Amino acid sequence: MSDQNPPQPPTPSAGQPPYQPPAAPSASPAYGAAPAYGAAPAYDPSGAPAGPGEPVPGKTLGIVAFVLSFFAQLFGLILGIVAYVQSKKAGVKNTWALAAIIISSVLMVLSIVIAIVVFTSVLGAADAACDDLGPGVWQLVDGSTITCD
């Protein structure tokens with residue numbers, strides 16, 4: 001081995017501060033700094049984002065689901081559930097999505113009940129007509145035919 005001295009860091013020239021290694025990252029970021037990748041944003045207890053202008057995950061989708069819940073209940077229900085899950089993962093309340101889920105569910109149940117009532121009343125009316133007409137094939141005034149057994 002050689003008797004040489006180990007290499008020394010370069011000496012700063014006049015007017016330059018000496019080299020300082022970077023400080024270790026702190027546990028909490030400075031005010032206004034972006035959170036680390038994958039970290040959830042901070043929210044206050046009311047469910048609103050902590051910083052101004054931060055988007056609420058699932059809010060727009062919740063509003064779309066709310067509108068669809070009146071016209072296309074199945075799509076409103078599906079989108080409402082997706083928006084509610086997104087918001088819940090972020091720790092935010094999403095009343096639009098919750099309202100879409102409730103309205104879609106209620107209107108779907110009502111639609112099914114009304115369809116059953118209409119279907120049974122139409123079948124009941126056909127059975128009543130056969131009771132009056134008797135067995136055979138009958139042509140009605142509107143051009144449709146009924147086959148009675």
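Mentor: Start with a cut-off. A residue counts as exposed when its relative accessible area is over 50%, as buried when that area is under 20%, and as partly exposed in between. Keep in mind that this is a predicted model.

Now apply the cut-off to Ile114. This residue sits in helix α3. Its relative accessibility is 53%, so Ile114 counts as exposed. Ile114 is also one of the residues of a nonpolar surface patch. That patch is the part to study.

The patch covers about 690 Å². Its members are Tyr84, Leu98, Ile102, Val106, Leu110, Ile114, Val118 and Val122. Which helix gives the most to the nonpolar patch? Helix α3, which spans residues 95-133, does, with 7 residues.

The protein chain holds 3 helices and 2 strands. Along the sequence they run α-α-α-β-β. The chain has 149 residues, and 16% of them count as buried. Its accessible surface comes to about 11700 Å². Carbon and sulfur atoms account for 68% of that surface.

Move to helix α2, residues 73-90. Leu74 belongs to this helix. Its relative accessible area is 49%, which makes Leu74 partly exposed. Leu74 and Ser105 are 31 residues apart along the chain, yet their C-alpha atoms are separated by 8.4 Å.

Ser87 is in helix α2 too. Is Ser87 buried or exposed? Its relative accessible area is 0%, so Ser87 is buried. The side chain of Ser87 reaches the backbone oxygen of Pro57 at 2.5 Å. Pro57 is also among its contacts beyond four places in sequence, along with Gly58, Val92 and Asn94.

Ser69 is buried, because its relative accessible area is 0%. A polar atom of its side chain lies 2.5 Å from the backbone oxygen of Phe66. Set aside the neighbours within four places in sequence. Ser69 then touches Gly76, Ala100, Ile103, Ser104 and Leu107.

Now the strands. Strand β1 is residues 136-139, and strand β2 is residues 145-148. They pair in the antiparallel sense over 4 bridges. Gly136 has Cys148 in β2 as its bridge partner. The hairpin of β1 and β2 has 5 residues between the strands. In this hairpin, Gly143 takes a positive phi near 100 degrees.

End on Thr147, which lies in strand β2. Its relative accessible area is 56%, so Thr147 is exposed. Beyond four places in sequence, Thr147 is in contact with Cys130, Gly136 and Val137. Its C-alpha atom is separated by 7.5 Å from that of Pro135, 12 residues apart along the chain.

Back to the patch, then. Helix α3 is its main contributor, and Ile114 is an exposed member of that helix.

Notes: Residues are numbered from 1 along each chain as its sequence is written. This is a predicted model: local features need pLDDT of at least 70, side-chain atom pairs count only at pLDDT 80 or more; totals for chains, interfaces and linings use all residues. Side-chain values use heavy atoms; hydrogens and water are left out. Patches are made of residues with over 30% relative accessible area and no salt bridge: like charges are joined within 9 Å, nonpolar side chains (Val, Leu, Ile, Met, Phe, Trp, Tyr) within 5 Å. Accessible areas come from the Shrake-Rupley method with a 1.4 Å probe; for residues, only the protein chains shown count as cover. A salt bridge is a side-chain nitrogen of Lys or Arg within 4 Å of a carboxyl oxygen of Asp or Glu. Buried means under 20% relative accessible area, exposed over 50%, partly exposed in between (1.4 Å probe, protein chains only). A polar contact is a pair of N or O atoms within 3.5 Å; within protein, one must be able to donate a hydrogen and the other to accept it, and residues adjacent in sequence count only if both atoms are side-chain atoms. Contact means heavy atoms within 4.5 Å. Two strands pair if DSSP finds at least two bridges between them.
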